[in-house]
Amino acid sequence: MKTTVKELVDKLNEYRTQYYNGSSDIDDEEFDYYERKLKEMDPNNEYFKQVGSKINYDTETVTHKYPMLSMQKVQTSSDAIKWLDNMGGGKFFVEPKLDGISGKIVYNNRGEFEYASTRGDGLEGAIIKFAKDIVSVPKKFIPNSELRGEFVISKKFSNEINGPLRNNCSGILKRKEWSKEVLMVSFVIYDVFLYDRPLHFNDREDKLRLIRENLGDQIYEIVWLRSFYGSEEINNVYDLYVNKLRNSYEFETDGMIITVDGDQRVYDEINSKYKISTFNRYNMALKPPAEYAESVIKAIHAYVNRRKVSFVAEIEPVQIMGINISRATLDNYHNIEKNKIGIGTNCLIKRTNDVIPKIFDTFKNYVSEKKYPT
C-alpha cells in the first residue's frame, strides 16, 4: 500500500509543529526524507509555502519588520552545482548550517538591545525573555537595526543535558523563569538588517566584516566562512564537510549553506526573477541525504534471548544505499503496541550500525484487523 500525499502532508505538519516548538520525535534526516518524498509526489503542494511554524505556546509575540525566510534545500552536490551554474557560477561562499533555533536581536534608536525573538512562522516570532543574559548576544549595535542568527547549545554541554541539543535550546528559550541553563545558550550571528537606511556591502564576506567592525570588542559568535571559485569546487567542499568539518564544529550542524557572490543589488535582481514566497534564491542549503527507504511489513517474528523478548519484522525487500534489506528490528513489544504496528503497516526503515536495520516510523494505514501481535 503506497503512502498518499495527504498522509505525507499530515505527518509532515505534525512533525513540523513538534520541530519548531522543540519537541520533535524524529531527527532532521528523517524529516528531510519526508519533505523530499513529498516534493517528488507533489512538487507544488501548499505545504512548501510554509516558513517555520505557528507559535503554539503562551508567550508574547512580535511581528517581524522584514520576513524571516526559510531556505531552499538540495541533497546532492550535483544538484548544488546545477543550482550555482544557473546563478552564473563564479565565486561563492560556504558556511555551516547550524542546527538550532533561528532568531533575531533588535536594537533601538540609541543602538541598545531592545528585544530578541524567534523566527516563528517567518512573519511573527516569540519574544525570548532572557536573551539579554546570553553571553554572546551583543548588547549594543547599529541604531535601528537587527542582527539575525541561530540560538544554539555547544556540544560541550552534551553530557549535562538529556535529549537533542536543539530541543533543549528551544525549551530554554521558552521559559518564563530564569534558570542557569540560559548560560549554556549561544547566539551565532549570520545576517544584519538596517531599518532606516540601506547597508552597503560588496559580497557576503564583506557583509560579515561590517558586522564584526560594528560589534567592536563585545563577546559574540559569527559563523565560519570561506570563499571558493567555480562550481566544481562544491564537490570538494561537500566531501570536506561530510568527512571532517561537521564533526569538528563546536555546534551541531545539518548541512552547509552556499551563497552566491554579490551585493544587495545582485541579490535583489536574483530574487526579482522568481515568484518569491518562502525563501531567497541567492543561497541554498546542501544537506547530506539520509539512508532511508519505505516498505510494508509482511510478518512479525518474536525471539527470546537471555529472558528478553525482541521482535523483528519481515518486510517487502528494499534497497538502501545499494544493500538489499528484507528484515528490520521492532525493538520491544511496547514499541509495537505504541505505534500500532501490524501486518501490512507501511514503515520507514533506516540503516544503522545495528546488525539489522531499524523501523523508525510508520504510517497508520493498516490493512488487517490485527494491528499488532498479542
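User: What kind of crossing does helix 3 make as it passes helix 6?

Analyst: Helix 3 goes past helix 6 in a right-handed crossing, the term for a near helix turned clockwise from the far one by less than a right angle. This is a predicted model, where local features need pLDDT of at least 70, side-chain atom pairs count only at pLDDT 80 or more, and totals for chains, interfaces and linings use all residues. Residues are numbered from 1 along each chain as its sequence is written, and side-chain values use heavy atoms, with hydrogens and water left out.

User: Why are helix 3 and helix 6 called oblique to each other?

Analyst: Helix 3 (residues 77-86) and helix 6 (residues 233-248) pack at about 140°, axes 9 Å apart. Under 35 degrees is roughly parallel, over 145 roughly antiparallel, 65 to 115 roughly perpendicular, and the rest oblique, so this pair is oblique.

User: Which residues of helix 3 and helix 6 meet?

Analyst: With contact meaning heavy atoms within 4.5 Å, S77, A80, I81 and L84 of helix 3 meet I234, N235 and Y238 of helix 6. By class, that's five nonpolar, two polar and no charged residues.

User: What makes the buried residues of helix 7 line one face?

Analyst: Buried means under 20% relative accessible area, exposed over 50% (1.4 Å probe, protein chains only). In helix 7 (residues 264-272), Y267, I270 and N271 are buried. Seen down the axis, they fall within an arc of 95°, so they line one face. The face turned away from that buried side carries the exposed R265 and S272.

Technical notes
Axes are lines fitted to C-alpha atoms, for helices over the stretch in contact, and angles run from 0 to 180 degrees between N-to-C directions. Helices (H or I, at least four residues) and strands (E, at least two) are DSSP runs, numbered from the N terminus. Ala, Val, Leu, Ile, Met, Phe, Trp, Tyr, Cys and Pro count as nonpolar, Asp, Glu, Lys and Arg as charged, and the others, Gly among them, as polar. The arc is that of the directions from the helix axis to the C-beta atoms.
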